[in-house]
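Here are my notes on this one, written as numbered points.

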Amino acid sequence: MTSPHTPVDTPERVALRAAVSSFAKGHAPGGPQEGEGAAELWAEAGKLGYLGVNLPEEYGGGGGGITELSIVLEELGAAGCPLLMLVVSPAICGTVIARFGTAEQKERWLPGLADGSLTMAFGITEPDAGSNSHRITTTARRDEGGGWILNGRKVFITGVDKADAILIVGRTEDARTGKLKPCLFIVPRETHGFSHHHIPMELAAAEKQFELVLDDVRLPADALVGDEDAGLLQLFAGLNPERIMTAAFALGMGRYALDKAVDYARTRQVWKEPIGAHQAIAHPLAQAHIELELARLMMAKAAYLYDAGDDAGAGEAANMAKYAAGEAAVKAVDQAVHTLGGNGLTAEYGLARLITAARVARIAPVSREMILNYVSHQTLGLPKSY
């Protein structure tokens, strides 16, 4: 199938999509990159400028936005070699630092995040909070010298073993109200009191998942990113790109699976005609393609709104895009496996591993049920049950 475009694709974006697609297809496509393969892919993508297309030009980035970065991730995924850390390092952490960081923080981190020589993980999820970010218990308090002391735990944090630092979501006490409010802190991985433990996952991915423990982690005053009183504004400056990029991750995966299935259906022949001539095979594949394309349009809308500075509109669209892409990817992968029959479960075709991976887009970074809650409350104005 031809590489897709959206109504917001400028000539520059069309060229970027084509270049990334060509690069990805020539870089060991066919499965998640492991070990040195993943590191090599990341390094090469960084040298070509793909990892930092959304970051400011004055710090070595491409000067684009989440629209451009989502194109990069989608095309890598469509070629069978997605880089999950794109969601975390340049999209979440890079965006937050670029928007709210001090001049020193930008100078310290953005050039490395742009060229891939530095990576940053993102820590928000906690074992007892789950989807309810209001229950986050990782706390930060001022020490006598004006710095910070962090205590808490995080789970399912991607890529900590390779990251130079982690952008941690903690909570500080509002002196006026006594209530806790979210704040963001840069924690270098080797900081005393910080430890990480691998969480084994039945998921074929180059990036590992970790539990984090922060035990009286002492940080300087300048570890705080942005304004202590900004709260949710800064947090969602990272979470909206995260949802958009998860949609790109899912769409790339769905396109990869669908391409495999279409090629197989076009050539596999056990009766008079190839199996793709039969509507029981052809129609579900056509439906999968339609649903992926619809999800791509919502992702493009979400990215457009975010890049235009419409945080409220982007929040709604990013949630919808992530929901639609997750559903479309799961259906595309399932139908691809069914199209190949027994071959769909073999290592040769590389589709069975996607059965688990596709579900990630339904679960993380926010569950489909929480997105439905968001839409029912924020968009439709229905009352909350919690």
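Is Ile290 buried, partly exposed or exposed? Ile290 counts as partly exposed, because its relative accessibility is 49%. The cut-offs here are under 20% relative accessible area for buried and over 50% for exposed, with partly exposed in between (1.4 Å probe, protein chains only).

1. Ground rules. This is a predicted model, in which local features need pLDDT of at least 70 and side-chain atom pairs count only at pLDDT 80 or more, while totals for chains, interfaces and linings use all residues. Residues are numbered from 1 along each chain as its sequence is written, and side-chain values use heavy atoms, with hydrogens and water left out.

2. The surface patch. Ile290 sits in helix 7 (residues 279–307). Helices and strands are DSSP runs numbered from the N terminus (H or I, at least four residues, for helices; E, at least two, for strands). Together with Leu294 and Leu297, Ile290 makes a nonpolar patch on the surface, with about 290 Å² of accessible area in total. Patch members have over 30% relative accessible area and no salt bridge; nonpolar side chains (Val, Leu, Ile, Met, Phe, Trp, Tyr) are joined within 5 Å, like charges within 9 Å. The areas come from the Shrake-Rupley method with a 1.4 Å probe, and for residues only the protein chains shown count as cover.

3. In soluble globular proteins, nonpolar side chains tend to be buried together. Here the largest nonpolar core holds 93 residues, and Leu76, Leu86, Met120, Phe122 and Leu167 have the most contacts inside it. Helix 6 (residues 232–267) supplies the largest share of this core, 18 residues. Apart from it lies another core, of 20 residues, including Leu150, Phe194, Leu214 and Ala223. A core means buried Ala, Val, Leu, Ile, Met, Phe, Trp, Tyr and Cys residues joined through side-chain atoms within 4.5 Å. Have a look around Leu76: leaving aside residues up to four places away in sequence, Leu76 touches Val20, Phe23, Ala24, Cys81, Pro82, Leu83 and Leu86. Contact is heavy atoms within 4.5 Å.

4. Salt bridges in general. I'd check these by eye. The count is 19, where a salt bridge is a side-chain nitrogen of Lys or Arg within 4 Å of a carboxyl oxygen of Asp or Glu. Asp9 and Arg17 pair up with their closest N and O atoms 3.7 Å apart, and both residues are buried.

5. Lys154 and its partner. Glu126 and Lys154 form a salt bridge at 3.0 Å, N to O. The two are 28 residues apart and tie together distant parts of the chain: Glu126 is in the loop between strand 1 (120–123) and strand 2 (139–142), and Lys154 is in strand 3 (residues 148–158). Glu126 counts as buried because its relative accessibility is 4%, and Lys154 does so at 0%. Among the residues touching Lys154 are Ile124, Thr138, Val169 and Phe210. Phe210 is 56 residues away from Lys154 in sequence, yet their C-alpha atoms are 8.2 Å apart.

6. The closest N and O atoms of Arg368 and Glu327 are 2.9 Å apart. Arg368 is partly exposed at 24% relative accessibility, whereas Glu327 is buried at 11%. In helix 10, Ile371, Val375, Ser376 and His377 are buried, and helix 8 is part of what covers the buried residues there.

7. Helix geometry. For helix 8, 30 residues at 1.5 Å each should span 44 Å, and the end C-alpha atoms are 42 Å apart, which agrees. The expected span is 1.5 Å times one less than the number of residues. Helix 8 is mostly covered, with 21 of its 30 residues buried. Helix 10 agrees too: its 12 residues should span 16 Å, and its end C-alpha atoms are 15 Å apart. Gly341 follows helix 8 with a positive phi near 60°, and Gly381 follows helix 10 with a positive phi near 75°.

8. A loop glycine. Gly62 lies in the loop between helix 2 (35–47) and helix 3 (66–78). Gly62 is partly exposed, with a relative accessible area of 45%.
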